[in-house]
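Hi,

Here's the structure I promised to pass on.

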Amino acid sequence: MGFKMGIVGLPNVGKSTLFNALTRTAAAQAANFPFCTIEPNVGEVSVPDPRLEKLAAIGKSAQILPARMSFVDIAGLVKGASQGEGLGNQFLANIRETDAIAYVLRCFEDSNVIHVSNKVDPLADAEVVETELMLADLESLEKRRPGVEKKVKQNDKDAKVTLELIDRALAVLREGKSARFVKRDPEEEKAFNELQLLTSKPVLYVCNVDEGSAATGNEYSKKVEDYAAANEAGVVIISAEIESQLAQLPDEEQAEYLESLGLEQPGLDRLIRSAYDLLHLQTYFTVGPKETRAWTIHRGDKAPQAAGVIHTDFERGFIRAQTIGYEDFVTLGGEVPAKEAGKARDEGKDYVVKDGDVMLFKFNV
């Protein structure tokens, strides 16, 4: 199960520098001019999880395989992108393929790094991006509406649901709000997702601050935090410059460097975890001599769906799942002691998997 988060922002906000640090590569050319990233670069990163080491030690596993997420560095946006300005059309097509959007916002002063608007104003930057996405959504819905309306006149029940959602979305967008604010019932969610609206995607605001503000934030990031709270979005404070330097250091020197800056963990770890949480994802584990592995599922997924992440045959032929809670597995010292203590449960098809469950599936194909 792969999840993609698009990294977007105006030119020269530190977007590509952040992407390079995320992937520890120079795949995205970070340069002090617009549109240095023309094709979207995709980087897979590990989701930090300290539980893996403990589980692997108990299971005497030869290998540790963390959960993975993909980050997509998408070409810089400018005002007018919805009408094709700059690399607008390409930008919109690339972002449509992601599950969520991280807006990198410049929250630092630096006279050596030009700003496309010649001033530092992260909220204005966010509004430029959001406005262009809203305009693109408006155009998409207005083009689609006549065809759907025609199907409604032909008594197509699905089209009726779609038309109602289109009209609701148009009303929200015309008020200058993102489509994620459209009210809908759970049974309408599938039809709503099929509209493929850019502004319906979950949003994470990434405040790129100067090195001195990495631990506490600054006046710019505080404004973004208030803005995020009002717009039902996530927020994380990070210094792309620090993360870039950190990515070049050997592992043993990273902790010392972070401590010198008053930081407990890399900002990238917080960014990845924030993205994971934003998408309502969670982890379950499989543990054995060959490997300890983290598997990504949605919160609320049941045991057969979790099994299907490993292989579709596991879901199709699901019988039951031996399940041990993470704390029980670690405290008792593994599968056998957990069984002896009565902490290994056989769960059926209706079991809702909990974050941290250690699972072993029984299936028949």
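**Aromatic rings and cysteines**

Tyr 103, Tyr 205 and Tyr 227 form one aromatic cluster. Before going further: this is a predicted model, where local features need pLDDT of at least 70, side-chain atom pairs count only at pLDDT 80 or more, and totals for chains, interfaces and linings use all residues. Residues are numbered from 1 along each chain as its sequence is written, and side-chain values use heavy atoms, with hydrogens and water left out.

Rings of Phe, Tyr and Trp (its six-membered ring) pair if their centres lie within 6.5 Å; planes under 30 degrees apart are stacked, over 60 edge-to-face, and the rest tilted. That rule gives 6 aromatic pairs. One of them is edge-to-face, because the ring centres of Tyr 103 and Tyr 205 are 5.3 Å apart and the planes sit at 85°. This pair joins distant parts of the chain: Tyr 103 is in strand S5 (residues 100–107) and Tyr 205 in strand S6 (residues 203–209), 102 residues apart. (Strands are DSSP runs of E, at least two residues, numbered from the N terminus.) Both tyrosines are buried, meaning under 20% relative accessible area with a 1.4 Å probe, protein chains only.

Now the cysteines: how many disulfides are there? The count is 0, with a disulfide being a pair of cysteine sulfur atoms within 2.5 Å.

Cheers

Key. Helix = DSSP H or I, 4+ residues; strand = E, 2+ residues; numbered from the N terminus. Buried < 20%, exposed > 50% of the residue type's maximum accessible area, 1.4 Å probe, protein only.
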